[in-house]
Amino acid sequence: MEHYDVVIVGSGHGGAQAAIALRQNGHEGSILMVSRDRNPPYERPPLSKEYLAGEKPFERIQIRPEQFWTDKQIDLRLGRNVNDVDPMAHELGLSDDTRIGYRKLIWAAGGDARRMSCPGSDYASIHYIRTRRDVDTLREELGGGGKRAVIIGAGYIGLEAAAVLRKLDCKVTVVEMLDRVLARVAGPELSEFYAAYHREQGVDLRLSTGVETIEGENGHVTGVVTDSGERIACDVVIAGIGIVPSVGPLIAAGAAGSNGVDIDSYCRTTLDDIYAIGDCASHANCYADNKVIRLESVQNANDMATVAAKAIMGDKQDYDAVPWFWSNQYDLRLQTVGISIGYDATVLRGDPAEKKFSVIYLREGEVIALDCVNNTRDYAQGRKLVMAHAEVAPDTLADVSVPLKEML
């Protein structure tokens, strides 16, 4: 049986950064990265944007050139699942029936796309955007003549895919069961702006609408039937309805967790010598009023990776990074800083009609988050307001003639 000083499960942003951070912080021992993905580590956000659009080849979304991992003596074991974890023996069982021993384990497995469960959900031509293979399959189908798409879910993934497909001259219908787009991540002002903009671009947006059945012939979809009984003809279905944290082997091994796996401020799970980071890690976040949450973002994965690597090297530092996110749709660049959970007031700064504005979220008078559309200056300066837990009068925040940096 092979043994490694550190085994990392997952090759996304978190797993890759964990390996990089270990080397940067002086770790000279052996490192193994295990991943069910068959590709060397690559960026996930471009999958629903530039990679889907064909604007970036795979080589440009790799986190590092393939030779980098060899040069840094970081072993990659790709195309393999982890079947089980034995925390007492410090061993992993892989899907190829091999067992790997570890001294420290970093779990960065992320999550699986949440699958549709309605009748017809097993048809081909139902696509999920989580991996390169997912998008390559979707691009092949679009290239083969699929020009009518139904997108289920109006979160970031769904709306980004809608923007790309409209650019590719597809007929696009977005079906969302909630009454507004981006409902789980943004306030009504931003939702209304994005809904109106997508409709201007030709997207048929159906809100407060569920999916009853997916119809098909010869294994391929032909239509989606909504809960109102309407049938929407299509060639392709894309489902963007969230993820399920990939933590099964850890929970089976006894790790605590109900929504993902629980970690402390050093990214340690309740199992000795096992850390968890990224999308699957449930933690108390000081920017969410200390609520226990999971954050699905590159920022969170990268920063947690560094915290875990430093802790392994004996430099324990609490995870307290300010959250940030982004989304590109058409000519709109949305940049978000902070977490708007529990906000009780919003301030609109700027004019949405000019496609350059910010929505500022307050809780008990404190600035907790900003959504900035084509407004990088507000994003950069507002970040400092969030980090300072600043209290600023709403009228002052709304005054675009006063830079946010002057409000500290």
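Visitor: Which residues are linked in a network of salt bridges?

Guide: Asp84, Glu91 and Arg99 are linked in such a network, where a salt bridge is a side-chain nitrogen of Lys or Arg within 4 Å of a carboxyl oxygen of Asp or Glu. This is a predicted model, in which local features need pLDDT of at least 70, side-chain atom pairs count only at pLDDT 80 or more, and totals for chains, interfaces and linings use all residues. Residues are numbered from 1 along each chain as its sequence is written, and side-chain values use heavy atoms, with hydrogens and water left out.

Visitor: How many salt bridges are found in the whole structure, and what makes lysine 167 and glutamate 55 count as one?

Guide: A search of the whole structure finds 21 of them. Between the side chains of lysine 167 and glutamate 55 the distance from N to O is 3.1 Å, and since the limit is 4 Å, the pair is called a salt bridge. Lysine 167 lies in helix α5, whereas glutamate 55 sits in the loop between α2 (50–53) and α3 (66–71), so the pair ties together parts that are 112 residues apart in sequence. Helices here are DSSP runs of H or I with at least four residues, and strands are runs of E with at least two, both numbered from the N terminus.

Visitor: Why is lysine 167 called exposed, and what is glutamate 55 called?

Guide: Buried means under 20% relative accessible area, exposed over 50%, and partly exposed in between, for a 1.4 Å probe and protein chains only. Lysine 167, with 54%, is therefore exposed, while glutamate 55, at 43%, counts as partly exposed.

Visitor: What makes arginine 130 and aspartate 279 a salt bridge, and is aspartate 279 buried or exposed?

Guide: The N to O distance between these side chains is 3.8 Å, which is within the 4 Å cut-off, and the pair therefore qualifies. Arginine 130 is in the loop between β8 (126–127) and α4 (132–143), and aspartate 279 in the loop between β18 (274–276) and β19 (281–285), so that the pair links distant parts of the chain, 149 residues apart. Aspartate 279 has a relative accessible area of 15% and is buried, whereas arginine 130, at 26%, counts as partly exposed.

Visitor: What is the strand order of the open sheet, and why are β21 and β23 called edge strands?

Guide: The sheet has 5 strands in the order β21-β22-β25-β24-β23, with antiparallel pairing, two strands being paired if DSSP finds at least two bridges between them. The strands β21 (324–329) and β23 (345–351) each pair on one side only, and they are therefore the edges. Neighbouring strands of this sheet are turned by 15° against each other on average, direction ignored, where axes are lines fitted to C-alpha atoms, for helices over the stretch in contact, and angles run from 0 to 180 degrees between N-to-C directions.

Visitor: What makes β24 and β25 a pair?

Guide: Strand β24 (residues 356–363) is joined to strand β25 (residues 366–373) by 7 bridges, and the two run antiparallel; the definition asks for at least two, so they pair. Phenylalanine 357 stands opposite valine 373 in β25.

Visitor: Which helices lie across or pack on this sheet?

Guide: Helix α6 (residues 188–200) lies across β21, β22 (332–338), β23, β24 and β25, running at about 165° to β22. Helix α9 (residues 376–387) packs on the sheet and touches β21, β22, β23, β24 and β25, its direction making about 165° with that of β25. Contact means heavy atoms within 4.5 Å.

Visitor: Why is the reach of α6 called close to the expected one?

Guide: The expected span is 1.5 Å times one less than the number of residues. Helix α6 has 13 residues and reaches 18 Å from its first C-alpha to its last, against an expected 18 Å. Its buried residues are Leu190, Ser191, Phe193, Tyr194, Ala195, Tyr197 and His198, and what covers them includes α5 (156–167), β11 (204–206), β21, β22, β24 and β25.

Visitor: What makes valine 386 buried?

Guide: Valine 386, in helix α9, has a relative accessible area of 1%, and the cut-off is under 20%, so it is buried. Leaving aside neighbours within four places in sequence, valine 386 is in contact with Tyr287, Val322, Val337, Gly338, Val367, Ile368, Ala369 and Leu370.
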